[in-house]
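Morning, everyone. Today I want to talk about aromatic rings and their neighbours. Please have a look at this.

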Amino acid sequence: MSVLTSPRGKVEVVHCRRTESQDIYCIKNLIRKFTQKLFGRLNIIYLLEKANLAVTLCNDKEEIMAQATFVDYPNWNVSSQDNWVSVFRELDPEIPCMPLNTLFMHLFVAVDEYSVGCCREIIRAVFKAVPELHFIFLIVPSYMSLGSTLITVFEQVGNIPSLMYDEDFAVHICCRENHYPQLHIRNARVEDHDDLMPIFLRHDTILKETYGEYFLAELIEAQDEENHAVVCEVEGVAVGFMSVCSRVNMQLLHECFDLGPFHGLCVPHPDDVLQPPPELSTKGSEDAKLSSSSHSFLKIAEEPQEQVIPETKESIQGEVIEEAPAEEMSSTVRSGNASELEDKNFCIISLPHLTPEFVLIQNFVKIVPFNNCTLEQDLYVFHRAGLLKSIKIRLASLSDTPGVENLVSTLMLNKSILEDLKQYNEAHRDPDIEYIRSHYNIEDFIYFSHHQREEHGHLYHFALNPIFRHYTKFFLKEILRLSYKSCLYYPVYPQSREDKFQSSYAHSLTSALHCLVPVRPRRQIVYPLEKLGINAPSKAVSKDALGYALNHTNRKLTLEPKITVNAKIVVVGASSVGISFLETLVFCSHLKFSNLTLISTHGLPGKRLLGTEQRKFLASDHCFNDKDYALMSLCSWVNVVVGRMTAIDRVAKHVVVSKEEIVLYDHLILCTGQQYQVPCPTGADISQHLTNREIPSSGKQRYTDQVPGNHFTLNDEEDCCKALRWIRNNPIVTEGNVIVYGNTIDTYTTVETLLNLGVRGGYIHLVQPPPTSTITCINNYSVERAVEDALRAAGVAIYRDALLAQWNDGQFPDPIHSACFTTPTKPFRLPCSMFFSFCEKNVDYETFKALNDACLVYDGRLVIDTNFHTNDIAIRAAGSLTKFSNKYYSNEWTHSSFNSKEIGFQLAAAMLNLFDPTLEPVTEPPADLDRLIPMYKGAKIQGGILPGSYHYLHIAKPAIPTPLEVQMAQPNFGSEIVTGNAKNGTYFRIHIDKYKMVETITCLSKEPFPVSNYIRLFGQHEQLLNNLCARYEDKLIPDLYSYFMEPWCMALFHDRFIDLRKELRQILTSKEEEDLPSIEQLAHQIEDEEINLKEKPRKYLKRVFQETIYKGLVEKSILDYLQYNHYHLPMYAWPGII
C-alpha cells in the first residue's frame, strides 16, 4: 500500500496487482489522444495477451488508477523482436542491456490527477517484481514529447529509425538505480546489533532463548578466516544479515542427499563414480522434502581440487532479511557475498521445510533426499556460475551437438534428445492446436482467437544444467521471443507398467515442468457421427487420439510467480476421493505443491492392466477411468509410495508403511475407503442339517486363518488382473466350478465377465447371503427380473439366503475344493475351483488397527466433523471410511451417500484455505449452523455390464436408500418417463421430481450408450430437454435412446453449457432497465401476490420477456455461445451461416 497525493491535495491509498481481463474496459476509458500518439492505436486485449508483464494500480475501492504493459521486445517496429539487442547496443554501448535485464513499455495510462505518482509507483512495483530487471525502455515518435508524467521517470538516450515507418523514433530509458536501487553490502560490525535484533525477534526468538540476548554481537565479533558476517544496509541502517562458516559436514550430506546433479559438490575427475549405490534410492519427486525443524542454516561449500571429499568446508550459519527490501537484497546479496568468498563455488542452505519460499531461496536448487535421510531440513544449493548475467540464448545449430551430448550424456533419454536435435529443422511440426483447444481448457490461460496458428509451439525436450535452474523462466521467455511464439505446450503421455514403479518420462524429458501449468482436460461429447453426417465436428475434434496430460506456458506466465507450498501432504488410499483431492490440488495453476505423497497398495491407478476391450469384473462409479488418469498424469506431481499403512505416530507425525518404511507428514489425508473382506465361515456342520436360524449369531467376525490361493476378493484393477491371470493359468473355463458369493452389484458384473471369458454358465454358482436391508443393489424390479432371466438362460444357478458354513468340510482350506452353506430350509454343498467373495464391505483390519492404535476416534467408522477433521487437527479423512460425529444426529448420512469425486473436491477446497492467500478467509459458521452436516449435490452413479450383456447405468441424487416402490408411493414423488423394455435391452427410465428436474436416470441396453452424455442430463429441467414431459404425454417419444441422439441436444452435453446457463440467469436477475424490475424480481412479486394479474403468471412473464430488452440479450448470449464453440457444436445454425 502506498499513498498518492494529487496537486490539489486529494489523497488516494493505492496498491499494484497483475492486470486482469476485467480491467480492459477501464483501461480503454483511460486512453487519450495523446496516449495513441505515443504508443499507437492498440488492441488492448491483443496487447495484454502478448505482454510479459501487465500491472494495474488500484485504490482502496478497487477503482483503476493506472495501468502499464511491458513486453520483452520494442514497439513501433524499430527492430525485429529476435534481434533488438544489437540495435540498442549500437545506440549506446555503455548501457549493458540484454534480454535478461530489459523490458519495453508498450502502454501507460493513468487518471490525470494522479498520473505522476501512479507512474512512479508502477515503475517501482515492476522493478520489485522482477529482480533481474535493470532497464525499461520507452520508444515514441521523435516529434513527440513525453508529456509531464513519463518525463519524470524516463530520459532520452538517442534516436533510431523504424523498419516500417519513414520516420525516426526517440528511445528513452528508465534505470533501476533511480527507483529501486540495489543495496549496499559490507562486513558486519558489532554496532549493527541494535539494528538487526528487532528483525531477528520478529522472525524467531529461539536463537535468543538458546544462546542468550547478545548472541548476535558475539557471532559478529567471532569473525575470522573461517567465519564471515555481512550486512545489507539502507541509508546507514542494517536491514539484512548473513553469517558464513567454512565448516561443512560433506560426508553427512553425501549420505543423505543426491548431490549427483552437482557432481557431488566436487571438481569433475575421470575416476569419479557417477552412479549412486542402489540402496540409496531417491524419493520419487524432484521436490521431495525433509521433515521440519525450527532452525535455519546457510552454508557455502568450497569446491575441492580433487575427487576426494574433505569433511570441512565453509558455510553460512544464519541469514535474516528485512521484509521490505527483500527483493532488491536477493540479487545484491548473492553477488556481494560471492566477492567475500572468492575461492568458494557452492552455497548450501538448509531450512525447515515449512519456511515460506522467500526471494533469495528462489535462486537455489532444492536437493532430492535419499530415502534413508535422517536430517530434518530441506537442502538448497547455489553455484557461483548462477551469478552470471551475460547469458546468451539463440537457436541451436549443428555445431552445438558436442556440447549438447556432454550436457545430456547422463540422462536416460539422451539418445532421443540427440536424434531430435539432429533433425529438428527438418521435422518441424506445430502442435495440433484444434485438438488441444477442443480437448483441454487452454482458454483458462489465453484468449485463443488472439493467437495465430503459427504462434503455438510444441516443447519436446528441455534440458538445463541445474546450476542455472533459476533461469528456467527466462529460458522459456527467450524461446518464445526468438521463435516468434506466444504459447508452448508440453504433453506427457502415459506409461503403463505392471511393476510398482511409475514414471513421468514416458514422452520426453523436461526440467522446466515446475515452470509450466497443468491444463485441465475438457469433458467431451460423445457424438452420433453417422446421424450427424456433414454436421458432425471435424476429425481433429472428434478423433479418439491417445490421451496425454498437457502442460502449458505463454508470454503472460513467464513473469508470473507461483506460490510454493512445501507442506508435506500425505494421502493414504488411491480411492476416487483421494484421486479427486490430489487432482484438485495439482490443477491449482498459481500454486506449486512440492511435496504431495500418495500411499497406496498398488500405486496410482490407471495402468490399463485389463485393457478397454475386456469386460470389467467390478462395477464403476464413473468418477475416473483409465483415460482420465492419463489426462491428469498425477505421477508428474505426486510421490507414490507403494505399500499399506500399518501405523500412525501422531506425536512424530509420520506414517509407517508395510511395518518398516516411514513417511513424514504435516497434513495426513485418510481416504482408504472400504474393501471386500474374506468371509469368515460360521463353522456349522451341515451333516447336522442346521438352518440359518439355528446358527448362533456371532457378530461380524474377522477371518484370521490362511487365505486360500483360489479365493479372490476384488477391490481394484490389480485384484481383477490377478484373478484373470489365475483363470487363464488354470482349467477353469473347461471344467472348473466357480462360486460367486455376495449380493452386491459386483457379483453380477463378475458373473458376466466369467461368462464372457468362456466359463460355462452351468459351472457358475451365484450364492447370495441373507440381505441386511430391504433394498436390493439394483433397486428396480424390471432390471432385476431381466438380469435373473439372463442368468437362468445362461445356466447360472442362483442360491438365496445362504450363509457360508465351511470350506473343504472344515479341513485345511487351501485350496478350496468345496464350500458348504446353510439356508433357512436345508444346507447344501458345492464343488469349488474358484471362490469370489463380495460380502459386505468393511474397513480393512490393518487400517482399523492403525487408526485405533493412534487413538483416533472410531465408532464403526472413523469419526469426522463437517470440515473432515478427525480428533487430530493434522489428520483429515473422507469417503466411505468415515462417519459424521454423533453430535450431528445424522447417522443415516455418511460420505458413502454422496459422489466420491465431489467429496474429494470439497476436501481439497477445505485444505486450500490453509495455503492459498488469494482466497477469502473462512468465517466460522453461526453456532446453530455448526451442527448441520453439508449436503452435496453431485449425482451418485453406478454402472457396469450385467449378465445378458446388458449395459447398465443408474444415476440418482444423494439420498438415504429407500425401496423404489416406497419412493413412488410418496405424494411428492413427481413423475417417471419410461421407454423400451428391460428384457429386450431397450429400457430407459427418467424420474422427474415435483420441481420438474431430472432426479434419476436408469438405463439397461444391449448396446453400448454414451454414459458421459447421460450424466449431463441429471439435474436439468425437463423443459430444457425440449419439453420432455409434454412430448412424452403426446406420445412423441417412443425411444429415449434415439431422442437423446438427436442433434438438438448436443449442447446439453457440452462442458460449457453450464456457463451459458449461469450467464442467462445473470441476465434475467439483473435490472437492465431502470424503470422496470428484473424478471426475477417480477417472479417474486407474483409469488408474494404484490401484483394483480389478469392473465396467467407464466403468460405474463413471457410477454414481459418478449417486450423488453431481455429477449434480445438472451438471444445474443446464446448465439455468441454457439459461435464461440462452433468447433464442438457445428450442428447448430446461427444468423449469417444459412
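Start with helix H4, residues 84-91. Tryptophan 84 and phenylalanine 88 both sit in this helix. They are four residues apart, about one turn. Keep in mind that the model is predicted.

Buried or exposed, tryptophan 84 and phenylalanine 88? Both are buried.

Now a second pair, tyrosine 845 and phenylalanine 848. This one is tilted. Here we have 6.3 Å centre to centre and 45 degrees between the planes. Where do these residues sit? In helix H24, residues 845-853. Tyrosine 845 and phenylalanine 848 are three residues apart, so about one helical turn separates them.

Step back to the whole structure. How many aromatic pairs does a search find? The count is 41. Ring pairs also build a cluster. Its members are Tyr703, Tyr741, Tyr799, Trp807, Phe821, Phe828 and Phe835.

Last topic: charges over rings. The charged end of lysine 841 sits over the ring of tyrosine 676, 4.9 Å from the centre. Lysine 1006 lies over the face of tyrosine 950. There the distance to the ring centre is 4.5 Å.

Notes. Residues numbered from 1 in each chain as written. Predicted model: local features only at pLDDT ≥ 70, side-chain atom pairs only at ≥ 80, totals over all residues. Heavy atoms only, no water. Phe/Tyr/Trp six-rings, centres within 6.5 Å; stacked < 30°, edge-to-face > 60°. Helix = DSSP H or I, 4+ residues; strand = E, 2+ residues; numbered from the N terminus. Buried < 20%, exposed > 50% of the residue type's maximum accessible area, 1.4 Å probe, protein only. Lys NZ or Arg CZ within 6 Å of the ring centre and 35° of its normal.
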